[in-house]
Amino acid sequence: MPIKNIIQGSTGVLGTALASNLRSGPGYTLCPIPRDVIGDANRQSAETILLEVLEDTLQEDIGADINLFYCVGLIDPKAAPDKLTSVNASYPIWQYHRLCEWADANRDRVGRVQMATFGSAFETLPEVAKSNPYLRSKRELYEHWQGSALHDIVPWHHFQMHTLYGGHYIQWQMFSGLIAKALQDDVPFKMSDGSQIREYHHVADIAQCIINRLGRPDIAARPALLSSGRAVALRDLAEHIFAALGKSDLLQVGSLPSPVTDNYETRWSRSSDLIVARDPLTGMVDWLSDNLNLEQSK
């Protein structure tokens with residue numbers, strides 16, 4: 001049975017990696033969405049675009065399986081709360097229901113239809129998830145997944161991810177992006193005591209894991225918490241990066257207050273879904289060195 005992969009949000013970190021991995025397989029189709037997805041103003045045009053892409057897909061291969069990847073997202077916690085909620089929660093929820101309606105109406109013409117959305121590992125930590133509008137929007141999407149009764153029509157795979165790095169895309173507002181900016185400009189990097197716990201995953205490893213999972217019809221749709229079991233304190237990560245790039249003199253640990261609410265305790269076990277998980281310390285140094293054209297210390 002032919003497989004058709006439709007990617008929304010193909011220019012970001014994850015969408016780019018998925019598109020790159022799929023080029024060597026069954027390929028993919030891009031499905032653009034209106035830039036402004038706040039409120040209901042663009043729902044009709046968005047539905048028109050989605051339906052056109054789905055119908056074009058069936059014109060090529062009647063009976064094809066379809067995977068829809070919703071890689072659109074806002075990650076800046078300083079963005080307007082209503083925009084975060086719209087892009088990260090209400091829009092993909094709305095789209096899932098439209099996809100279910102279409103798949104049910106076309107069940108004699110289409111094979112297995114699946115949708116993938118992407119959240120945060122922190123949405124599984126209720127107190128931390130309440131700490132900023134970004135995580136609250138991801139928690140809202142997750143809670144809707146839990147309450148959905150439509151998985152028999154369209155299996156909905158929800159991937160709960162840790163921080164991604166890789167490729168040539170630097171998210172400057174993230175911790176890794178702030179480090180990159182300090183290294184690039186050769187200026188001091190101020191941070192808290194760095195006791196917050198994180199996992200960092202190369203996006204190519206995560207993309208392949210996602211593709212593998214959607215390619216297994218024996219796996220029921222459920223949230224997939226993608227963890228490597230290689231958690232690291234932000235202090236240790238920063239110290240390793242600055243030392244490896246010969247910039248330890250720029251690092252100022254403890255010069256900023258620590259957040260009241262964050263993850264200071266939870267360390268996740270390795271997920272069976274994550275087949276490849278490269279070392280985050282080495283991986284982050286290699287990635288920053290390549291993107292910033294910096295030599296590593298011998």
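1. Buried here means under 20% relative accessible area, exposed means over 50%, and partly exposed is anything in between, all with a 1.4 Å probe and protein chains only. With that in hand, look at helix α9 (residues 280-292): Pro-280, Gly-283, Met-284, Val-285, Trp-287, Leu-288, Ser-289 and Leu-292 are buried. A word on names: helices (H or I, at least four residues) and strands (E, at least two) are DSSP runs, numbered from the N terminus.

2. Some ground rules before going on. This is a predicted model, in which local features need pLDDT of at least 70 and side-chain atom pairs count only at pLDDT 80 or more, while totals for chains, interfaces and linings use all residues. Residues are numbered from 1 along each chain as its sequence is written, and side-chain values use heavy atoms, with hydrogens and water left out.

3. Back to α9. This helix has 13 residues and spans 18 Å from its first C-alpha to its last, close to the expected 18 Å; the expected span is 1.5 Å times one less than the number of residues. What do the buried residues of α9 pack against? Their partners are β6 (163-165), α6 (175-185), β9 (200-202) and α8 (234-244), where contact means heavy atoms within 4.5 Å.

4. Axes are lines fitted to C-alpha atoms, for helices over the stretch in contact, and angles run from 0 to 180 degrees between N-to-C directions. Angles under 35 degrees count as roughly parallel, over 145 as roughly antiparallel, 65 to 115 as roughly perpendicular, and the rest as oblique. On the α6 side the contact is made by Ser-176, Ile-179, Ala-180, Leu-183 and Gln-184, and on the α9 side by Met-284, Trp-287, Leu-288 and Leu-292. By class, that gives 7 nonpolar, 2 polar and no charged residues. Ala, Val, Leu, Ile, Met, Phe, Trp, Tyr, Cys and Pro count as nonpolar, Asp, Glu, Lys and Arg as charged, and the others, Gly among them, as polar.

5. Next, α2 (residues 43-60) and α3 (residues 81-105). These two pack at an angle of about 45°, with axes 11 Å apart, so α2 is oblique to α3. Among the residues that meet are Leu-50, Leu-51, Leu-54 and Leu-58 in α2, and Tyr-91, Trp-94, Leu-99 and Trp-102 in α3. The residues of this contact divide into 9 nonpolar, 3 polar and 4 charged.

6. Helix α7 (residues 203-214) has 12 residues and reaches 17 Å between its first and last C-alpha, close to the 16 Å expected. How much of α7 is covered? Mostly: 9 of its 12 residues are buried, including Asp-205 and Arg-213.

7. Leu-18, in helix α1 (residues 13-22), counts as buried because its relative accessibility is 0%. Not counting residues up to four places away in sequence, Leu-18 touches Ile-7, Phe-69, Cys-71, Phe-118, Ala-207, Ile-210 and Ile-211.

8. Leaving out residues up to four places away in sequence, its contacts include Leu-68, Tyr-70, Pro-92, Gln-95, Tyr-96, Leu-99 and Trp-156. Met-115 and Cys-100 are 15 residues apart in sequence and 9.7 Å apart in space, C-alpha to C-alpha.

9. Ser-148 is in the loop between α5 (133-147) and β5 (156-161).

10. Most residues other than glycine have a negative phi. Asp-186, in the loop between α6 and β7 (189-191), has a positive phi of about 55° although it is not a glycine. Asp-186 counts as partly exposed because its relative accessibility is 46%. Asn-293, in the segment after α9, also has a positive phi of about 55° without being a glycine, and at 72% relative accessible area Asn-293 is exposed.
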